[in-house]
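Let's take a friendly walk through a protein model, one region at a time. Keep the sequence and the 3D view side by side as you read.

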Amino acid sequence: MNIKQLEVLRTLLATGSTVASAKAMGLSQSGVSRTLQQLESDLSITIFVRDKGRLIPTPEATVLGRDAQNVLLAIERMSGHAEDLRNGAAGPEIVRIGLPSSMWENFAPAMLIDYVRDFPGVRIETFFETTTAITKLVEERVIDLGFLRIEGETGPSIAIDTVASGESVCVVPENHPLAELPEINITHLRNVPLILIGRQRPNRMALDQAFKRAGVKQMVKIETHTNSSACSYVAHGLGVTIISSFYANLYRHLPVVHRPFVPRATQEFGLVRAAGVPLSIAAQALSGALKKQIQLSQREQ
């Protein structure tokens, strides 16, 4: 027994003839007759009595017709639900994503503007955390996916897709004397107030070592823990900072400029999820929205 047989049964009961049923279903009359015969054979029961070219439904036909209608309605509901999942009208109750703290102000809202319109049935929960915290949240499956700076090896429970990169830049107020330089090196920062982030993090430790090798003592004015706050402090004339161009590009609306920093260093950023766990359609779409916003934010202006 198959879906086509059920559709033929439903249509025969509605039209009362193989000719009308064939026309309604876009089949040949002989095709309708063969399908009906096969259904009766599969069920080992007579559904219609043939009388002078007419089909007369048996009492059993009414019962089986109701069953066929229920099955076909369930299939149609399932097809409709699948379509809703594809186009975002329905989906998992919630999709959770982890982002670096510096991405809450402008990046995250821009990422979600189109997404919430396209997926009205999905609720989004955003977590703004450090790389270590985001990794742990993914490992424990608290969040579906996360975006982070790649620092060293990840465990086997994490799948990572590199989606962006950056290089170290020095961010300075737009009217600062250093803004006139094509690039900035460590000696240029002698006696310049610094705003530094990521104490005890690998990249910060490498920066500290670079200053020591150059024989330049850091004049640290402010220690902070987000790229966004560092750029804001720079915009208010409190000093200069050294961060990845990826983050500097998110704050080009501020009255600051960034210049390549020497010694040069590069950074990679990735999208992470639990290994071996497929993302829902809604989570895949959110991943796509994230990648799209990354491209827009890093575009040359």
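Start with strand β8, which covers residues 194-197. Leu194 and Leu196 point one way from this strand, Ile195 and Ile197 point the other way, and all of them are buried. Keep in mind as you look that this is a predicted model.

Which strand pairs with β8? The partner is β9, residues 220-224, and the two strands run in the parallel sense, joined over 4 bridges. To find one of these bridges on your screen, look for Leu194, whose bridge partner in β9 is Val220.

## A helix with a buried face

Next, find helix α6, made of residues 131-139. Its buried residues are Thr131, Ile134, Leu137 and Val138.

Most residues other than glycine have a negative phi, and most peptide bonds are trans. With that in mind, look at what follows α6: Arg141, with a positive phi near 60°. Arg141 sits in the loop between α6 and β5, and it is exposed, with a relative accessible area of 58%.

Ser44 is another residue other than glycine with a positive phi, this one near 55°. Its place is the loop between α3 (29-43) and β1 (48-51). Ser44 is exposed as well, at 66% relative accessible area. For a peptide bond that is cis, go to Val262 and Pro263, where omega is about 10°. Pro263 belongs to the loop between β11 and β12.

## Charged pairs

Side chains of opposite charge can pair when their charged atoms come close. How many salt bridges does the structure hold? The count is 10. One of them links Glu125 and Arg96, with the closest N and O atoms 3.0 Å apart. Glu125 is in strand β4 and Arg96 is in strand β3, so this pair ties together parts that are 29 residues apart in sequence. Both ends are partly exposed: Glu125 has 29% relative accessibility, and Arg96 has 27%.

Another salt bridge joins Arg54 to Asp51, where the closest N and O atoms are 3.6 Å apart. Arg54 is partly exposed at 49%, and Asp51 is partly exposed at 31%. Arg117 and Asp118 also meet in a salt bridge, at 3.1 Å from N to O. Here Arg117 counts as exposed, at 53% relative accessibility, while Asp118 counts as partly exposed, at 35%. These two belong to a network in which salt bridges with shared partners join Asp114, Arg117, Asp118 and Lys292.

Which residues make a nonpolar surface patch of about 260 Å²? They are Met1, Leu43 and Ile45. You can find Met1 in the segment before α1 (3-15). Met1 is exposed, with a relative accessible area of 62%.

## Two residues and their contacts

Ala235 lies in helix α8, residues 227-235. This residue is partly exposed, with a relative accessible area of 21%. Leaving aside residues up to four places away in sequence, Ala235 touches Leu254, Pro255 and Val256.

Finally, is Asn249 buried or exposed? Asn249 counts as buried, at 13% relative accessibility. Its place is the loop between α9 (245-248) and β11 (256-262). With residues up to four places away in sequence left out, Asn249 touches His258, Ser297 and Gln298.

Key: Residues are numbered from 1 along each chain as its sequence is written. This is a predicted model: local features need pLDDT of at least 70, side-chain atom pairs count only at pLDDT 80 or more; totals for chains, interfaces and linings use all residues. Side-chain values use heavy atoms; hydrogens and water are left out. Buried means under 20% relative accessible area, exposed over 50%, partly exposed in between (1.4 Å probe, protein chains only). A salt bridge is a side-chain nitrogen of Lys or Arg within 4 Å of a carboxyl oxygen of Asp or Glu. Patches are made of residues with over 30% relative accessible area and no salt bridge: like charges are joined within 9 Å, nonpolar side chains (Val, Leu, Ile, Met, Phe, Trp, Tyr) within 5 Å. Accessible areas come from the Shrake-Rupley method with a 1.4 Å probe; for residues, only the protein chains shown count as cover. Contact means heavy atoms within 4.5 Å. Two strands pair if DSSP finds at least two bridges between them.
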